[in-house]
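Subject: Structure handover and salt-bridge notes

Hello,

Here is the structure for your files. Please have a look, then read the notes below.

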Amino acid sequence: MNAMGKYRITYLFALLIMAGLFIETNGKEALFVLILLIVLPIFTGAMAWLGGKDIQLLLQSPVSCSLKQEMDISFQIINKKRFFIGKIELPVTFENALFGQKEEKHLMICPGSRFVEEYFLPVDTHRCGKIKIRQTEICYYDVLGLFRFRKNCSQERVMFVYPEKIPLHILLSQRPGSMETGDVFDEKIRGQDTSETFDLRDYQRGDSLRAVHWKLSCKMDELLIREFSRPAIYNTIILFEFLSKSDQKERTDSIINMTASLVSAVMNGLLKLNMGHQVGYMVREEYMESTVDSQDTLIQAINNMMSIQKESDGPDLIQTFMKLGLYHQYTKVIYITGGFDDKAVADLSNLVNLSVIVPWEGEKDYFDSSAGYDILSLAAKEMKENEVYLYI
């Protein structure tokens with residue numbers, strides 16, 4: 001039985017006692033109290049109903065935060081008429097896309113007499129991912145707790161809980177090959193590589209003086225700005241999945257969080273080496289790829305990863321990658337996963353230069369190349385306490 005049901009039973013019990021007392025004594029005092037007990041709920045219920053009609057609610061949430069960072073969402077309640085209301089109940093739903101987890105919380109508020117009041121509700125940030133925060137209605141009660149009224153007030157916010165940052169450094173045993181020998185620059189897209197000029201244009205206010213082509217500017221007697229080139233994307237791809245469909249072991253939240261951290265760190269590490277790359281992953285039963293060649297596309301790729309729902313069935317990423325024949329496009333594949341199928345990975349290693357990165361909850365890292373491809377098992381403790389160096 002909920003709290004309102006208990007209040008009603010208690011109030012009815014008090015009403016019956018007072019009615020029996022009046023019948024027994026026929027006293028004016030008992031009659032007065034009996035009438036008061038009858039009229040009072042009508043009055044408090046009417047006040048709550050009138051006051052709740054004009055209540056406005058504004059839900060606010062941060063755009064993003066880091067894993068395990070303390071974070072709150074806030075509710076601003078605007079009470080225009082300031083009628084006397086008892087409690088206000090706000091049911092809020094939190095849905096984590098990455099973990100497929102849905103949680104409902106109820107915030108109970110006892111509003112005061114101020115025009116605007118703000119209340120806070122903590123968010124669970126122990127799992128990374130894209131979180132949808134939904135608030136669909138307001139429930140408000142009279143001061144006696146006997147009546148509840150509902151008001152539709154649908155609001156939705158989205159926030160990202162990003163994985164922990166790992167101090168990771170990538171060391172290349174050999175530079176992954178490109179489609180041609182040497183550095184290849186994109187002929188269609190400008191970039192930030194100052195060693196190669198993409199185009200020249202007239203100086204505009206706000207341009208950096210470092211970008212001025214001084215020799216040509218002196219000859220032309222006007223300031224000319226160099227627009228730099230962007231290296232073409234090397235045929236390197238990061239494949240990631242939080243759980244291989246062929247691996248039936250249950251993965252902990254910690255392993256999934258660490259997998260997301262490693263994917264983010266490796267993408268960022270390759271970008272620091274000025275190496276554009278592709279990122280491949282499964283969304284339901286469809287294989288998807290995205291390009292990472294700048295900070296903007298890196299953030300977009302991380303957001304895409306945070307929005308993927310972890311699934312326990314469906315096609316395997318490695319098997320799909322080989323079935324589509326995509327291995328022909330790449331000479332270096334970095335596979336990051338919480339658990340993998342040995343046979344599928346061994347088959348892929350015969351076709352490309354493959355490195356497998358697997359997080360685990362042990363205390364020490366270990367490296368294994370006995371299967372014909374590199375397996376780097378990174379311990380959670382080492383990642384948190386020390387800088388990580390990856391040789392790929």
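Does K343 count as buried or exposed? K343 counts as exposed, at 58% relative accessibility. Here buried means under 20% relative accessible area, exposed over 50%, and partly exposed in between (1.4 Å probe, protein chains only).

Some ground rules before the rest. This is a predicted model: local features need pLDDT of at least 70, side-chain atom pairs count only at pLDDT 80 or more, and totals for chains, interfaces and linings use all residues. Residues are numbered from 1 along each chain as its sequence is written, and side-chain values use heavy atoms, with hydrogens and water left out.

Salt bridges

The structure holds six salt bridges. The criterion is a side-chain nitrogen of Lys or Arg within 4 Å of a carboxyl oxygen of Asp or Glu. Side chains of opposite charge can pair when their charged atoms come close.

R127 pairs with D253, with 2.8 Å between the closest N and O atoms. R127 sits in the loop between β6 (116-122) and β7 (129-141), and D253 in helix α4 (residues 253-272), so this pair ties together parts that are 126 residues apart in sequence. Helices (H or I, at least four residues) and strands (E, at least two) are DSSP runs, numbered from the N terminus. D253 is partly exposed, at 30% relative accessible area.

R134 bridges to E156, the closest N and O atoms being 3.0 Å apart. R134 is in strand β7 and E156 in strand β8 (residues 148-162), so the link spans 22 residues in sequence. Both partners are partly exposed: R134 at 25%, E156 at 39%.

K343 forms a salt bridge with D347 (3.2 Å, N to O). The two are four residues apart in helix α7 (residues 342-349), about one helical turn. D347 is partly exposed, with a relative accessible area of 31%.

Salt bridges that share partners also join E95, R134 and E156 into one network.

S349

Helix α7 also holds S349. S349 is buried, with a relative accessible area of 15%. A polar atom of the S349 side chain lies 2.6 Å from the backbone oxygen of A346. Leaving out residues up to four places away in sequence, S349 touches L354 and Y373. Contact here means heavy atoms within 4.5 Å.

Best regards

Technical notes
Polar contact = N/O pair within 3.5 Å; in protein donor to acceptor, adjacent residues only side chain to side chain.
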